[in-house]
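Here's a quick briefing for anyone meeting this fold for the first time. Have a look at the picture, then read on.

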Amino acid sequence: MVEAVQGAGVVVTGAGGGIGVALARRFAAEGARVVVNDLDAERAKAVAEEIGGIAVPGDASAIVGEAREALGGTVDVYCANAGVAFEGGETGEAFDERPWTLSWDVNVMAHVRAAHELLPGWLERGSGRFVSTVSAAGLLTMIGAAPYSVTKHGAYAFAEWLSLTYRHRGLKVHAICPQGVRTDMLAATGSAGDLVLQPTAIAPAEVADALFKGIEEDRFLILPHPEVAGYYQARAAHPDRWLTNMNHLQQKWEASR
């Protein structure tokens, strides 16, 4: 058992399936009191009943107050897990403003709004934990997914900013950056996901395992796919070489469509 989460009040957004339900199950198994959030009220209720948690369905951007009340007034851990992805990548699709607007709102601004609500209480008592489900796309990029790649970079940057700004005041921040995970969101990436992500896709429970190892080791960056560290280093050290290699992958994807 991880002592840091035993008895803690935990909120997991987007917990009706995928990584979210895996996180909710793991927190509950570790002795936490878990609020299960999802836009789909029935799925949220089903997961909450399964783990002995509390269902608080609705928009992840607007449930902090209700979730806090459900936990008796205190949120100790907030998992900003809800996210959206769109299949696409052709010129018209990449510049359609509708997926950009929704991606920005869910993948970035929901995190900002939650932190805005939670930080005053966390800073007053000198403790709190913010878990951001980002993606390896937030460290690297993803072919065929401009809104997803850009907003996941934003989610990572916001998590990084929270950590560097408030760690001396007791805030713990973790950024989870997996590659492919066998979820509905992976299916939404279409043929690009089939090419890049499916071959090394892992189960959602493995993401939860990686997070809990990171909590025990007090690490900011959580890499369920360890090889991502090498890709991230290569991107920083040799950006043109990295972009050329990614362009080769783009061409391979285009040829397969």
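Two strands pair if DSSP finds at least two bridges between them. On that basis, an open sheet of seven strands runs in the order E3-E2-E1-E4-E5-E6-E7, with parallel pairing. Helices (H or I, at least four residues) and strands (E, at least two) are DSSP runs, numbered from the N terminus.

This is a predicted model, where local features need pLDDT of at least 70, side-chain atom pairs count only at pLDDT 80 or more, and totals for chains, interfaces and linings use all residues. Residues are numbered from 1 along each chain as its sequence is written, and side-chain values use heavy atoms, leaving out hydrogens and water.

- Strand E5 (residues 128-133) pairs with E6 in the parallel sense over six bridges, and Val131 has His174 in E6 as its bridge partner.

**Two packed helices**
- Helix H1 (residues 18-29) packs against helix H2 (residues 41-51) at an angle of about 25°, and their axes are 10 Å apart.
- That makes H1 roughly parallel to H2 (angles under 35 degrees count as such).
- On the H1 side, the contact (heavy atoms within 4.5 Å) is made by Val21, Ala24, Arg25 and Ala28, and on the H2 side by Val47, Glu50 and Ile51.

Key
Axes are lines fitted to C-alpha atoms, for helices over the stretch in contact, and angles run from 0 to 180 degrees between N-to-C directions. Angles under 35 degrees count as roughly parallel, over 145 as roughly antiparallel, 65 to 115 as roughly perpendicular and the rest as oblique.
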